Amino acid sequence: MTSPGTSETTGRAGTGHRHARGRPDPAPLFAVSGVTVRFGGLTALDDVSLAVRPHEVHGVIGPNGAGKTTLFNVCCGFVRPDAGTISRHGTPLTDLRPHRLAGMGVARTLQGLGLFRGLTVTENVMVGADRFRRSGFVSALLALPRSAADERALRERAWRAMSDAGVAEFAGRYPGSLPYAVQKRVALARALAADPELLLLDEPASGLGHDEISELGAFVRGLAERMSIVLVDHHMDLVMSVCDRITVLDFGRVVAAGAPEEVRDDPAVVDAYLGEEAHRGGSDGNDGNDGNDG
Amino acid sequence: MPDSVTAAARRLLPSSVLGRNLLGVLAGLLVVVVVLELTGPFRNSQFATMSYYAIAAVGLTVLTGLNGQISLGHGALMAVGAYTTGLLLETGAVPFPVAMLAAAAVTALAGVVVGAAAARLHGPYLAGATLALAVGVPGLAIYFDGVFGGEQGLRVSSPRPPDWLADAVYFVTAGDLTSARYLAYIGWITLLAVLLLLANLTASRYGRIWRAVRDDEVAAELAGVRLGRMRVLAFVVSAACAGLGGAVLAMVVRLAAPSGFTIVLSLSLLTAVVVGGLGSLTGALLGSALLVFLPPAVTGLGTDLGLTGTQAAELAPLVYGVVLVVVMLVAPGGVLGAVHRLRHAWTRRRQGARDVGAVGSSKQGG
């Protein structure tokens, strides 16, 4: 995987790292405020707020069942909140639908990858770039030059995204024939092909090995040059080293929010979840990630 | 050496989608002319029959193979096209190409309605709903017998070859342009036009998005695809093809009657598509050929083996059923899927352990 940014971005040493934090709250790119979701008698999210600033990597963590995926589903319009609003650039999104996200510059990867198994890697990624198409049905039916030019442009976008994610060499292959780690990068390439300003990553590190996770961390930091990222993951080392700010959920409520070191020392977080994980992470003695040195 | 030959051949082919598809269709037209001119009226009418099955089948393979929606109601959509053609030709004021286009348009409109309902249904529910269509539409023809002619159906006056065309053909081939041959030409030229348009579509963004929707709805939706709209579009394209197939059927059979559009027709189309290879236009052609030419061949074989006429005639559906079961067991990808697999195995053996992943170009599936 090559770092797409121009500056050197490894771990937290990069100069552009956390530049979003010190500033006096720039207008959030994407904000969720006071969102409550109930499934029958169960409250999955209770008055949850979260603001993503431009070029920020924002982590969402919490124990299993804390509501992380539900929060993502609310952001994508798959789940309607019972209360609260979602806004983009300060404008409330009243009728959020999944198919409108791509057009608004929001891309998401799925936990289950959701690759199209009957499409080649290139075609998969081209679907991700589909929001940039310009020609319509008639030009496709008659194979007019406009349609051909459109296809070339989409192919080029797909190619760039595949090169960024390091899967260009698998262009003609079908996803089912590729190792899981490569499939994950194809899914990432598909999201990048939409050229999003906000990228939602749902457990990007699950199923990856140790080296692949560090690689992913560097890659995500590099992406922050181009977009904001919201990251849900269980790998504490990754989240602590990559994120500018972290929101911690427990039983559907926000129990802590702030910079990684603040969050890590918060007693509520230690209670809920982190204590056990942080100790385990510290005893691993992770190189390259200094997330446990505080 | 064969590699350099295929590379040279590939250079000669046009690089654009339209150029490639046009070339294919022109080659097909040449074959059609030669075959129809060299065969007699009986074979001509068999080819005409194959053409209307194939027109509907290629439309169905786009819907079922590419978009993953099953339809047991395409026979009913063919009926819509056939009755539209019959009613328009009855007036005597409408030339047959206009009647055919109108049939496609009316059926496409019916496709919007059915497709909008179908887009919300999946699997067995979709099969059930379209099955209801197959059962219900012929019933409508009986109920409104004043317009549609009831059980007897509508007699359709088939177009006759214009004199100038008959003269021109006689001048070129020294053979008569019989009515059967003329109808076969109409059917096959329609089929080739449909193939050209569908090949364009499947190679375009629409083919890709249809397949994406089939494979993973959530991921497609997140990429900005409007699932319902794309499903309805696939249904409309497929219905327009069925309507055109019905129009050709009406002119070839010279009749549009409820007995011609039973559930058996819908099932035959579906088996043709599956046997040939789901999602492939060529596969749908193969399946339609099998549908038309296999039963008479089996019946002929039966009579040769000393069976009575009735016994031989009953042998045909049996063999067709056996072929279907065998194909499903041995080659779930249909005839074409099996061919692809064999070719793949062959090239892989030739290439040895050469890494397939190094091939950077991707090919569109057709």
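At what angle do the axes of helix α14 (residues 281-304) and helix α15 (residues 309-330) of chain B cross? In this predicted model, in which local features need a pLDDT of at least 70, side-chain atom pairs count only at pLDDT 80 or more, and totals for chains, interfaces and linings use all residues, the two axes come within 8 Å and cross at roughly 135°. Residues are numbered from 1 along each chain as its sequence is written, while chains are lettered from A and ligands numbered from 1 in the order in which they are written.

Helices (H or I, at least four residues) and strands (E, at least two) are DSSP runs numbered from the N terminus, and axes are lines fitted to C-alpha atoms, for helices over the stretch in contact, with angles running from 0 to 180 degrees between N-to-C directions. The helices α14(B) and α15(B) are therefore oblique to each other, given that angles under 35 degrees count as roughly parallel, over 145 as roughly antiparallel, 65 to 115 as roughly perpendicular and the rest as oblique. The crossing of α14(B) with α15(B) is right-handed, a crossing being left-handed if the near helix is turned anticlockwise from the far one by less than a right angle, and right-handed if clockwise. Residues are taken to be in contact if their C-beta atoms, placed from the backbone, lie within 7 Å; on this basis Leu294(B), Pro295(B), Val298(B), Thr299(B), Gly302(B) and Thr303(B) of α14(B) meet residues of α15(B) that include Leu315(B), Val319(B) and Tyr320(B). This contact comprises nine nonpolar, four polar and no charged residues, where Ala, Val, Leu, Ile, Met, Phe, Trp, Tyr, Cys and Pro count as nonpolar, Asp, Glu, Lys and Arg as charged, and the others, Gly among them, as polar.

A further helix pair in chain B is formed by α4 (residues 74-91) and α5 (residues 96-118), which pack at an angle of about 140° with their axes 8 Å apart, again in a right-handed crossing. Contributors to the contact include Leu77(B), Val80(B) and Leu88(B) from α4(B), together with Phe96(B), Met100(B) and Val106(B) from α5(B), and the contact as a whole divides into 12 nonpolar, five polar and no charged residues.

Between the chains, 31 residues of chain B are in contact with 37 residues of chain A. On the chain B side, α2 (17-38), α9 (179-202), α10 (205-215) and α11 (217-222) each supply at least two residues, and the largest share, eight residues, comes from α10(B). By class, this side has 14 nonpolar, nine polar and eight charged residues.

In chain A, four strands form an open antiparallel sheet in the order β2-β1-β4-β5, strands being treated as paired if DSSP finds at least two bridges between them. The edge strands are β2 (42-52) and β5 (91-92). Seven bridges link β1 (residues 30-39) of chain A to β2(A), with Ala31(A) opposite Ala51(A). Elsewhere in chain A, β9 (residues 245-250) and β10 (residues 253-258) run antiparallel and are joined by five bridges, Val248(A) having Ala256(A) as its bridge partner. These strands form a hairpin with two residues between them, and Phe251(A) in the turn has a positive phi of about 50°.

The model scores ipTM 0.83 and pTM 0.85.

Methods
Contact = placed C-beta atoms within 7 Å.
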